[in-house]
Number of protein chains: 2
Amino acid sequence: MISRALATATLRPMVLALLDGRPEYGYQIISRIRKLSEGQLDWTTGTLYPFLHGLENEGLVESFWQSVDNAPRRKYYRLTPAGERALEAERAQWMEVHAMLAPLFAAAR
Amino acid sequence: MISRALATATLRPMVLALLDGRPEYGYQIISRIRKLSEGQLDWTTGTLYPFLHGLENEGLVESFWQSVDNAPRRKYYRLTPAGERALEAERAQWMEVHAMLAPLFAAAR
DNA sequence: AAAGGCTATGTTGATATGCAACATAGCCAG
DNA sequence: CTGGCTATGTTGCATATCAACATAGCCTTT
């Protein structure tokens with residue numbers, strides 16, 4: 001399992017990246033991240049839902065309800081323009097940190 | 001400045017990597033990380049010292065005092081064999097997460 | 001029609017953690 | 001003797017994760 005600190009660092013960039021282009025709903029995001037990471041990341045509703053509400057308060061995502069046949073209604077989230085800028089900032093930060101860590105790891109081997 | 005969550009995720013791998021091979025002391029680690037990151041990461045003593053004590057309790061590092069001319073004494077830390085294994089585990093985790101995130105970022109552009 | 005399981009969204013309380021601020025102290029320069 | 005730099009350390013506040021709990025619609029099995 002991925003350490004908590006590292007998992008925490010991935011939540012924001014990963015959710016923003018997943019929402020870019022196609023809206024998704026909370027339950028779906030949890031499933032997709034679990035599958036994408038092959039079980040290494042497993043966010044609970046107690047983490048993801050408040051986090052999504054936070055993104056919405058920040059204006060990075062907006063939500064809309066959608067009713068579905070034979071299933072409970074879903075609350076979809078999609079990126080706002082501010083969210084796209086935030087995603088780009090997350091991407092840049094990640095790459096910057098990676099560029100710093102990778103050589104350290106290489107030197108340590 | 002790097003976000004708190006991401007900064008937090010770097011602390012453990014970065015300190016372990018820095019200590020691999022050559023012992024360093026706390027104040028020096030803070031300075032080196034600040035310089036390495038060009039000011040993007042700036043750990044305080046309130047973060048680093050307790051963290052180093054934790055690593056020592058885990059048996060990942062061991063410490064020894066060294067007196068210096070014209071300066072306060074320094075407490076050096078060096079990696080134990082367990083620390084080297086922990087470093088390798090951190091490296092593997094980081095690479096795994098990076099391999100997951102990088103394509104997501106690419107798709108989002 | 002009752003029970004169990006899956007989908008789906010949400011809150012609460014306990015626990016852990018980073019960090020600003022504070023505390024101590026040796027050394028050197030002006 | 002004051003201020004600044006080096007150096008190690010602790011305390012208390014604020015924040016964030018997550019297990020657990022709560023609600024509810026739909027479907028299948030008994």
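This is a predicted model: local features need pLDDT of at least 70, side-chain atom pairs count only at pLDDT 80 or more; totals for chains, interfaces and linings use all residues.

Student: Okay, how many residues of chain B are in contact with chain A?

Tutor: There are 27 residues of chain B in contact with 27 residues of chain A. Two elements of chain B give two or more residues to the side that touches chain A: helix 1 (4-19) and helix 4 (81-108).

Student: And which of those gives the most?

Tutor: That's helix 4 of chain B, with 12 residues on the side that touches chain A. By class, that side of chain B has 16 nonpolar, 7 polar and 4 charged residues.

Student: Do the copies use matching or unlike surfaces to meet?

Tutor: They meet through the same surface, because 100% of the interface residues of chain B are also interface residues in chain A.

Student: Switching to the DNA. What surrounds DNA strand C?

Tutor: 26 residues do, and the closest are A:Tyr25, A:Gly26, A:Tyr27, B:Gly46 and B:Asn70. Both chains take part: helix 2 (26-36), helix 3 (45-58) and strand 3 (71-79) of chain A each supply at least two residues, and so do helix 1, helix 3 (45-58) and strand 3 (71-79) of chain B.

Student: Where does the largest share come from?

Tutor: From helix 3 of chain A, with 5 residues of the surface near DNA strand C. That surface divides into 12 nonpolar, 11 polar and 3 charged residues.

Student: Now the sheet in chain A. What order are the strands in?

Tutor: It's an open sheet of 3 strands in the order 1-3-2, with antiparallel pairing. Strand 1 (24-25) and strand 2 (61-68) of chain A each have a single partner strand, so one side of each has no neighbour in the sheet.

Student: How many bridges join strand 2 to strand 3 there?

Tutor: 7 bridges join these two antiparallel strands of chain A. As for who faces whom, A:Gln66 stands opposite A:Arg74 in strand 3 of chain A.

Student: And which helices sit against that sheet?

Tutor: Helix 1 (residues 4-19) of chain A lies across strand 1, strand 2 and strand 3 of chain A, at about 100° to strand 3. Helix 3 of chain A also packs on the sheet, touching strand 2 and strand 3, and its direction makes about 125° with that of strand 2 of chain A.

How values were computed:
Residues are numbered from 1 along each chain as its sequence is written. Chains are lettered from A and ligands numbered from 1 in the order in which they are written. Two residues are in contact if their C-beta atoms, placed from the backbone, lie within 7 Å. Helices (H or I, at least four residues) and strands (E, at least two) are DSSP runs, numbered from the N terminus. Ala, Val, Leu, Ile, Met, Phe, Trp, Tyr, Cys and Pro count as nonpolar, Asp, Glu, Lys and Arg as charged, and the others, Gly among them, as polar. A residue is near a molecule or strand if its C-beta atom, placed from the backbone, lies within 6 Å of it. Two strands pair if DSSP finds at least two bridges between them. Axes are lines fitted to C-alpha atoms, for helices over the stretch in contact, and angles run from 0 to 180 degrees between N-to-C directions.
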